[in-house]
Amino acid sequence: MRPFIFDSAATPREAIETAQTWNGGGTNGAAHFLAGGTTLIDLMKLDVMRPERLIDINALESSDFGRIAIGEGGLWMGALVRMADAAEHPQIIREFPAIAQSLQLAASQQIRNMATLGGNVLQRTRCSYFRDVSYRECNKRNPGSGCAALNGFNRSHAVLGTSDQCIASYPGDLAQALIALDAMVDLAGPSGLRRMPFAQLHRQPQSRPEMETVLQPGELIVSFVVPAAPWARRSVFLKVRDRESYEFALASAAVGLDLVDGVVRDAHIALGGVATVPWRAAEAEAVLKGRPLDEAAQDAAARAAFSGAQAREHNGFKIELGKRTLKRAIAQAAVMEI
């Protein structure tokens, strides 16, 4: 691990101003916020991330940053809420089940006790070519160097949202649930506060794989807001992985349905494990809306969700696996008692 300067911030303004001074954002040569540290410290040890300054923001947990609130309008979760606290919250389990399920299936209990919601949605790819600095060709780590995964071993890589610059898959679970439940995210930065749809937070790689989100330098996540919509209670998160214990998704699906007399009034779908970003399956949603939720509709939705998929040498199986995962999630949501 390389030397760095350690700071702590007692207020959001202090954290933002310190980060702004050090040019914020980016992978290396900048300031980074430290919360649970379960990903950042790992990447620093691997020499993948080399921040010059760490700003500990855990003191903000005693404020709204560490609060969960549920009311008539929906669910509010601060960015410093620990994953375990949200996963085990009785009202979240009952009223926003996809959120709880995505967190229960993520990481180990020990990591869930430490990791924060804000850090979780910003976790970086598990691509071995990104995490092993002996591979020079990684456009995320060394912009312009190429992508070793394109012609390397790419079994775990993405089939949706890829480019000729990067096919690394997004590793998280919570993000898919937030997208499927139409969550908003509140951000604070040098220019003040702003709110945006969570689905717009992450960027597809295109020609700039090193730019993974739309966060501005010095900007940090404050909270997530999930509306109390009809599909929130009838929501499911399903994860398929190589092993049950502490493993990242090969394919996952978060589904929220507004179902009336067996007909889909509204559908909200996000996919994980198969895309470069948390993936909103808008084509699948459009297929389901207004249709009876029979097997034909589920098949059509699955086909639509992966209509633009592009496989490489080793990851073609993800297309069929992703379709089956989505169909299972839709079927489970359809029979939920709410």
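Guide: On a 1 Å grid over the protein atoms alone, a pocket is an open set of points with protein on both sides within 12 Å along at least five of seven lines, a cavity is a set where a 1.4 Å probe fits but cannot get out, and lining residues have an atom within 4 Å of a point. Grid points are joined across faces, edges and corners, and a volume is the space filled by probe spheres set on the points. This is a predicted model, in which local features need pLDDT of at least 70 and side-chain atom pairs count only at pLDDT 80 or more, while totals for chains, interfaces and linings use all residues. Residues are numbered from 1 along each chain as its sequence is written, and side-chain values use heavy atoms, with hydrogens and water left out.

The second largest pocket holds about 350 Å³ of space. Its lining has 19 residues, and those nearest the centre are Arg126, Ser156, Ser169, Phe248 and Leu250. By class this lining has seven nonpolar, seven polar and five charged residues, where Ala, Val, Leu, Ile, Met, Phe, Trp, Tyr, Cys and Pro count as nonpolar, Asp, Glu, Lys and Arg as charged, and the others, Gly among them, as polar.

The largest cavity has a volume of about 90 Å³. It is lined by 17 residues, with Cys127, Cys138, Cys147, Cys166 and Ala168 closest to its centre. The second largest cavity has about 40 Å³ of space, and its lining residues include Met1, Arg2 and Pro3.
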